[in-house]
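Colleague: I'd like to learn how to read a packed helix and the sheet beside it. Could you walk me through one?

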Amino acid sequence: MEIRRLGSADADVFREIRLRALGDAPYAFASTLAGEGSNGPEFWQARVDESAAARKGAIFAAIDGRGEAVAMAGGFFPQLGDQEAVLWGMWVAPEARRSGLGRELVEAVVGWASSQGARRLSLCVSETERSKAAAALYAALGFSSTGAREPLDSDPAITTLTMVKELGDDS
């Protein structure tokens with residue numbers, strides 16, 4: 001399994017894995033399959049364009065031996081110059097769960113954020129039964145709850161919890 005940062009040639013790879021994630025785990029994302037599925041090629045290309053995203057964001061995918069993406073995670077800076085980055089879009093295909101890919105992807109985003117000068121990495125995890133394993137993984141990787149909660153944009157009946165990890169020499 002290869003963990004790699006997606007680049008300008010990977011728009012189709014990103015589209016496929018992102019739509020698969022939204023279909024599998026709608027309770028975990030602020031976006032919806034219907035909403036993102038209607039986006040054209042330019043939307044997907046802009047997300048992986050290396051020149052545009054070089055500092056603002058990065059998307060990583062786990063690619064299996066057949067060349068298929070089976071997991072993803074991204075990071076971005078809400079505003080350039082911020083010292084806090086956000087981890088988003090974390091998802092592992094059901095057949096690849098419990099294999100360590102989630103840990104590897106989070107570590108890739110942590111490494112990218114640190115290399116870009118972030119001092120802190122935040123994320124939101126939905127407070128659902130199906131998200132408990134993700135929340136446990138984040139806690140094991142050094143993220144802690146801020147106590148902040150808000151409704152999930154795609155389904156306001158679901159609450160998300162904000163977690164943060166301080167980045168430094170030991171991240």
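Colleague: Which residues is R18 in contact with, leaving aside its neighbours within four places in sequence?

Modeller: Contact here means heavy atoms within 4.5 Å. By that rule R18 touches F29, S31, E36, W44, M72, W88 and G89. Before we go on: this is a predicted model, where local features need pLDDT of at least 70, side-chain atom pairs count only at pLDDT 80 or more, and totals for chains, interfaces and linings use all residues. Residues are numbered from 1 along each chain as its sequence is written, and side-chain values use heavy atoms, with hydrogens and water left out.

Colleague: Is R18 buried or exposed?

Modeller: Buried means under 20% relative accessible area, exposed over 50%, partly exposed in between (1.4 Å probe, protein chains only). R18 has 5%, so it counts as buried. Its side chain also makes a polar contact of 3.0 Å with that of E36. For that term, an N or O pair must lie within 3.5 Å; within protein, one atom must be able to donate a hydrogen and the other to accept it, and residues adjacent in sequence count only if both atoms are side-chain atoms.

Colleague: Where is R18 found, and what does that element pack against?

Modeller: R18 sits in helix 1. Helices (H or I, at least four residues) and strands (E, at least two) are DSSP runs, numbered from the N terminus. As a general idea, an α-helix has 3.6 residues a turn, so residues three or four places apart point the same way. In helix 1 the buried set is A11, F14, I17, R18, L19, A21 and L22. Those residues pack against helix 2, helix 3, strand 2, strand 3 and strand 4.

Colleague: What does F14 touch, not counting residues up to four places away in sequence?

Modeller: L6, W44, R47, V48, I59, M72 and W88. In soluble globular proteins, nonpolar side chains tend to be buried together. A nonpolar core is a set of buried Ala, Val, Leu, Ile, Met, Phe, Trp, Tyr and Cys residues joined through side-chain atoms within 4.5 Å. The largest one here has 52 residues, and F14 is among those with the most contacts inside it. Helix 5 gives the most to this core, with 8 residues.

Colleague: How many bridges join strand 2 to strand 3?

Modeller: Two strands pair if DSSP finds at least two bridges between them. Strand 2 and strand 3 run antiparallel with 7 bridges, and I59 has G74 as its partner. G74 in turn is partnered by W88 in strand 4, where strand 3 and strand 4 pair antiparallel over 5 bridges. Strand 3 is mostly covered, with 7 of its 8 residues buried.
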